[in-house]
Amino acid sequence: MSLGHACVDVYQGAVAALVPYFVAERAYSYAAASGVVLAASLLSSLVQPLFGVLTDRWAMPWLLPLSALTAGAGVALSGVTGSYAPTLAAVAVSGVGVAAYHPEAARVARVVSRGRHTAMGWFSFGGNAGFALAPLLVFAVVATGGLRASPLLVVPALAGAALCAAAVRSAGSGGSAGASTAAGEDDWPSFLRLSGAVVCRSVVFVGLSTFVSLHVRERTGGGEAAGTAALFVLYAGGAVGTLAGGRLAERYGRTAVVRRSYALTVLAVAGLVLVPGPPVYLFVALTSAGLYVPFSLHITLGQDFLPRRAGTAGGVTLGLTVSVGGLAAPALGALADATSLRTALLPLVALPALGRLLLCGLREPVAAVPEGADPQEPVAR
């Protein structure tokens, strides 16, 4: 499941990694380039909760390999489309593939992991590793062959489809079980507060994914390699942070770890935006840690706040709240066109602080025993 997740989430990272090449080869403005990220995010944000509701009613394991292929096909076509509108359509198709994957994958992963924080951390690690590899993959393909070489980017989708099919077969009855039937009452007020915090995190993450490469090139005076390195640090630090989040949660509790991560992110983003020269990479790494340590914890907290609607919870925490960050990207791009990129990124400092306020007083939910798990086995606290 973790490897399949990596192959799918390559395509979330690939869209942002393609932005500098759209700017260079097609002379897109900041606003136009951020519109590409919006296209990938908007449709995904709208349909992912729908897939979550469907997952609560019926198991759809066949959706995992199909969605991997769809995500890859859209990105592969985006570089060979002749004009702006077909490019938007191609990345939107990729976004639908990503949206279709996550609710069902999160449900199957929770069953297989039996609710353990560290196991879900490994599942999330796979997705974040895919994010981290995306800039390197895009650089290897597009920096040498130009946007016309983008069809080569379909290769991870082919591998992901095969891995997802194998994971579903090996999961057996647990992976193909029906809708979530965990006992407990849904706590919508806590879930909505958590979702609001994740939205704040999402706007920061998508904004930096879109522009950190260009921002670091400006701050360091480097070229394409400098920008690619910054995006890689942002994503790679997250892959490590996700595993750390699961271990820290088992020691200190999920809500405490999430709140401290948001506080760290405030300081880290401020340094990223304001500090010039090579030290900016340190703040990119700290920002990555602050954004990613709570990543898998958002998923399990959401599922435990809505124990009767685990698919819906996954669709919102992995989908709607994450994808909605793409809605802010064009506004940041327009502000950058009107002022400067550094000025446009300054509002991102305040958003983790707002997220931290939303998390104040949020109580640790009682973990539900996932469907298909042995009730005698320990689950996440």
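A nonpolar core is taken here as a set of buried Ala, Val, Leu, Ile, Met, Phe, Trp, Tyr and Cys residues joined through side-chain atoms within 4.5 Å. In this predicted model, the largest such core comprises 71 residues. Within this core, V138, V212, Y235 and L348 have the most contacts. The greatest contribution to this core comes from helix α1 (residues 2-26), which supplies eleven residues. A second core of 17 residues is separate, and A197, L301, F305 and L306 are among its members.

With neighbours within four places in sequence set aside, the contacts of Y235 are G13, A16, N128, F131, A132, P135, F205, S209 and Y292. Of these partners, G13 and A16 fall within the residue range 2-26 of helix α1.

Helix α7 spans residues 188-220 and contains S213. The relative accessibility of S213 is 5%, and the residue therefore counts as buried, the cut-off being under 20%. The side chain of S213 reaches the backbone oxygen of G227 at a distance of 3.3 Å.

Helix α2 covers residues 30-57, 28 residues in total. From its first C-alpha to its last, helix α2 reaches 42 Å, close to the 40 Å expected at 1.5 Å a residue. Helix α2 has a kink of about 30° at S45, shortly before the proline P49.

Terms used: Residues are numbered from 1 along each chain as its sequence is written. This is a predicted model: local features need pLDDT of at least 70, side-chain atom pairs count only at pLDDT 80 or more; totals for chains, interfaces and linings use all residues. Side-chain values use heavy atoms; hydrogens and water are left out. Helices (H or I, at least four residues) and strands (E, at least two) are DSSP runs, numbered from the N terminus. Buried means under 20% relative accessible area, exposed over 50%, partly exposed in between (1.4 Å probe, protein chains only). A polar contact is a pair of N or O atoms within 3.5 Å; within protein, one must be able to donate a hydrogen and the other to accept it, and residues adjacent in sequence count only if both atoms are side-chain atoms. The expected span of a helix is 1.5 Å times one less than its number of residues. The bend at a residue is the angle between axes fitted to the seven residues ending there and the seven starting there. Contact means heavy atoms within 4.5 Å.
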